[in-house]
Amino acid sequence: MSQPVITLQQISYLGPVLVIVLTVLVLLMTDVICRLRPSRQGLSLLTGFGVALGGSIVALVYSIFLWHRLTVLKVGKLAELFPVNGPPRSVSAMETSPVWSSGTLVVDYFAVFVCLLVCGVLILVCFNFKPYLRINKLHRSELFPLLLLSASGMMLLSMSRDLLSTFISIEIVSLPLYVLCGLNERSRANQESSLKYFLLGAFGSGFFIYGASLVYGAVGHMNYAAIAYFAKHSLESSSILMIGLALVGAGLAFKLALVPFHAWVPDVYQGAPTPVTAFMAAGVKLAVFAAALRLVLEAFPLMDLSFWRGSISLLAALSMVVGNLLALHQMSAKRLLAYSAIAHTGYIAVGLASGLSTSATSILIYLVGYALAGLGAFTLISYLAPDGQDDIYLDEMHELSKRAPVSALAFAILMLSMAGFPLTLGFVGKLMVFSDAWRAGLYGLVIFAVLNSVISVYYYLRFILAMYMQPKAPGAAELVLKRMPGTYILTGIITVVLTLLLGVIPHMLIAWAQSCQLAGL
Amino acid sequence: MITTGQYNWVALFLLGGACVLGLAFALAALYRPAARPSMLKRLTYESGARALGDALLRFNIRFYILAIVFLMFDVDVIFIFPWAVSFRLLVFGDNNIVFTPIGPSALTEMFVFLGILIIGWAYAYRKGALEWV
Amino acid sequence: MATPVVIFFSYLLVAGLLVGVSSLILLAIARFRPYRRFLATLAVLGFVAFVWGMCALTQPGYRLLVCYFWLFTAAVVGGGVGCVTMRNVFHAALMLILSLLGVAGYFILVNAEFLAMVQVIIYIGGIMVLFLFGIMVSQNIIGTQLKQNTPQSPWAAICAGVLFMVMFFTGLFMTLKPTLTVTPDVLGNNTGSVGWSLMATYALPFEVASVLLLMAMLGAIILVRKD
């Protein structure tokens, strides 16, 4: 009797990913077919935008449907796909352990929630791209397939519980971004950003895959369940496993931009086209943190605590302090957000270091808050940026509150959310992450993190004060305000309203996120 | 672990090839008249067209794109290879082996894999990446 | 049991090693350039003596294996050293090919013939060709006697040395425990086993790999496209 690798029903649980990949294929085929007619120049901007947006909305609806299935069926997970041993076979003594039912992919609350968030981010970034391309006169509608492919990788990343599928998902996330960073071939900054991101990203991937191979050498498998099982049952600690996991962690830290591995962030964030930066800040951080969370909560729990908690805490502390100190005197808004992204990675890593079962909830809420604030802020930057500059500087922002009161107010709210002011979602996230770490006994780290967020208030307030309080210096450059494109308005409204609404009444989001437990082994 | 002897033959073959080559040159050295190299004889093509410039000249960037596309399909082949070797077992299984065969899905998987790549190929073709202008 | 034969071969081994290494070091120093033919011959002779000693000192059944191993090691290490010391970038790339070939040889020694094939087809056939094209499309680095030394090279050497020592000592004190080996080599050849894993356990990474390849092609086309 033969048994298929995956049943149709199991395939349906991968729906969001499949919808996105199919949309990509449709976009590519449309491009191919459009070129058959000599008069047409391939995929037009509007078609690309429409199809991509449609695909992302379908994927969003599908994710909601999967969430609904989970709650109706009252199960922790919908499916374990591709179990360790392939199709079931005759059971021998070794296979009675629970390891062997663990799959390469798992569709649980956590994964579905991350899929939902990724779809949301994707839709908002698509909104951002349409006017961006038009205003900057870029005829680059091929970027939509790239964007969607990257998002499909993010969804897979949240589901994978195997070093190999994690690696390949990270690659799917990163490769399109290398290309997207160099979107505008006329801009030197774009090219520089693309090259730097590619070189350091490839370096990080190299670390990851080398570590994964060492783990495979030690354990004989790359599944998280198998790693946890091995760590529990092997008598002495295996140095090769530890080195392997440390290298895997370094690879992830490269992608997350934790401090010793952060060098690429400022130039890449500043040089990349603003919507791409928004996508990197919101999407990549979300997905890679989801992967890191799964690794920590599923592969590490049986391991020596001091090994991973100490190193993550160290990275978190370094990221917070270095990110915040370097952000203090930035004049460019994008560069400021880049350094603050490093600091935010540090705050989230505090939650990772606590490693409790509730960490998933608090980290997800933090990430939602950060993604909303980041998306909104980058949207406003790309709206306010002068032609050909793609960035705004502090001295251009003086008196902005008089000339563009709504934009200035929105920008101020988003900045406050990033700083973690009460009544914004940023505050809720910070509170939950820090209280988790407190309960895990990381008192010193929490105090350090709180001190750091006090420092961070300085540079966020500096921008807000510039907009509201400080008069324009005579002869300083002035932003030329254009009419705001409709999709920018939409993105701005969505992000600001959600930041405030969920900040004031966070109960619903917390309730959702609380059901986002990892399915466990 | 000692390798099975099959690769010794490969090594022996390489060694034999080198010996034959060396022997041929050695015999030729005994037989041929003494070498008197001259300017004309040192040309790359002694009685052919004259070679201009260095062999290490700058290549057209087009070669590079072709090489990338080639590399894609090279990797593709690497994936097909093990599939082809184990195909019979994957579909029908073997009574002596404990694995359950996965049946026709072995074929489906490969078709999906190739289908996605064919779309990529069509895209490359349409975009003119394979053209030699 | 130190019979005279064993002692002789031990001396041969050590002498070969010393002569080979010292002549290689002298080769790298510019002052000894006039004697490079002599030194190279000496290095080869030292290597032969070393391998001979090694072979003679191992058990009869393993001699051929040891012989192969040191041959491949010579290719890997020689290629690697050549790759970093060659002044001409093109020649450095060729030395890298030699090194990769040696690694393919290692794979064959541990019965991983599929990996050996991948090494030759992908690395030497694909990636190194890409390397060479990459060198040849950039005007300023071909053919010139480019000095490869950068101010950072001492730091790079220190980093590489530390990494090497870490890996060396880990390998030295590593105890190989029975691991959770899941896919026994049931098919008798590992190409078939790889096929099995790809189709069953790693079906998803396999399918995603095709998306990745599609993505890479797409990215390459988009990046180099001229409007």
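Analyst: The expected span of a helix is 1.5 Å multiplied by one less than its number of residues. A helix is a DSSP run of H or I with at least four residues, a strand is a run of E with at least two, and both are numbered from the N terminus. The structure above is a predicted model, in which local features need pLDDT of at least 70, side-chain atom pairs count only at pLDDT 80 or more, and totals for chains, interfaces and linings use all residues. Residues are numbered from 1 along each chain as its sequence is written, while chains are lettered from A and ligands numbered from 1 in the order in which they are written.

User: How do you know that helix H9 of chain A is close to its expected length?

Analyst: Helix H9 (residues 239-256) of chain A has 18 residues, for which 26 Å is expected at 1.5 Å a residue. From its first C-alpha to its last, H9(A) reaches 25 Å, close to that value.

User: What makes H9(A) largely enclosed by the rest of the structure?

Analyst: A residue is buried if 20 or more other C-beta atoms, placed from the backbone, lie within 10 Å of its own, exposed if 12 or fewer do, and partly exposed in between. In H9(A), 14 of the 18 residues are buried, and the helix is therefore largely enclosed by the rest of the structure.

User: Why does A:Leu60 count as buried?

Analyst: A:Leu60 has 20 C-beta neighbours inside 10 Å and counts as buried because this value meets the cut-off of 20 or more. A:Leu60 lies in helix H3 (residues 45-73) of chain A.

User: Which residues beyond four places in sequence is A:Leu60 in contact with?

Analyst: A contact requires that the C-beta atoms of two residues, placed from the backbone, lie within 7 Å. With its neighbours within four places in sequence left aside, A:Leu60 is in contact with A:Leu116, A:Cys119, A:Gly120 and A:Ile123. The C-alpha atom of A:Leu60 is also 7.7 Å from that of A:Cys115, a residue 55 positions away along the chain.

User: Where are A:Asp390 and A:Leu423 found, and is each buried or exposed?

Analyst: A:Asp390 sits in the loop between helix H14 (359-384) and helix H15 (400-403) of chain A. There are 22 other C-beta atoms within 10 Å of A:Asp390, so this residue is buried. A:Leu423 belongs to the loop between helix H16 (405-419) and helix H17 (425-439) of chain A. Its 14 C-beta neighbours inside 10 Å fall between the two cut-offs, and A:Leu423 therefore counts as partly exposed. Neither residue is a glycine, yet phi is positive in both, at about 60° for A:Asp390 and about 75° for A:Leu423.

User: What makes a set of residues a nonpolar core, and which members of the largest one touch the most others?

Analyst: Such a core joins buried Ala, Val, Leu, Ile, Met, Phe, Trp, Tyr and Cys residues through C-beta atoms within 7 Å. The largest nonpolar core has 253 residues, and A:Val118, A:Leu147, A:Val215, A:Leu286 and A:Ala287 touch the most other members. Helix H4 (residues 109-135) of chain A gives this core its largest share, 21 residues. Apart from residues up to four places away in sequence, A:Val118 touches A:Ala151, A:Met154, A:Met155, A:Gly283, A:Leu286 and A:Ala287.

User: How many helices and strands are there in chain C, and what share of its residues is buried?

Analyst: Chain C has eight helices and zero strands. Of its 227 residues, 28% count as buried. Chain B has three helices and zero strands, and 20% of its 133 residues are buried.

User: What classes of residue make up the side of chain C that touches chain B?

Analyst: This contact takes 49 residues from chain C and 46 residues from chain B. H8(C) supplies the largest share of the chain C side, 14 residues. That side has 36 nonpolar, eleven polar and two charged residues, where Ala, Val, Leu, Ile, Met, Phe, Trp, Tyr, Cys and Pro are nonpolar, Asp, Glu, Lys and Arg are charged, and the others, Gly among them, are polar. Towards chain A, 24 residues of chain C are in contact with 36 residues of chain A. Here too H8(C) gives the largest share, 13 residues.

User: How confident is the prediction for chain C?

Analyst: On the pLDDT scale, which gives the predictor's confidence in each residue from 0 to 100, chain C averages 80, and 85% of the residues score at least 70. The model as a whole scores ipTM 0.83 and pTM 0.88.
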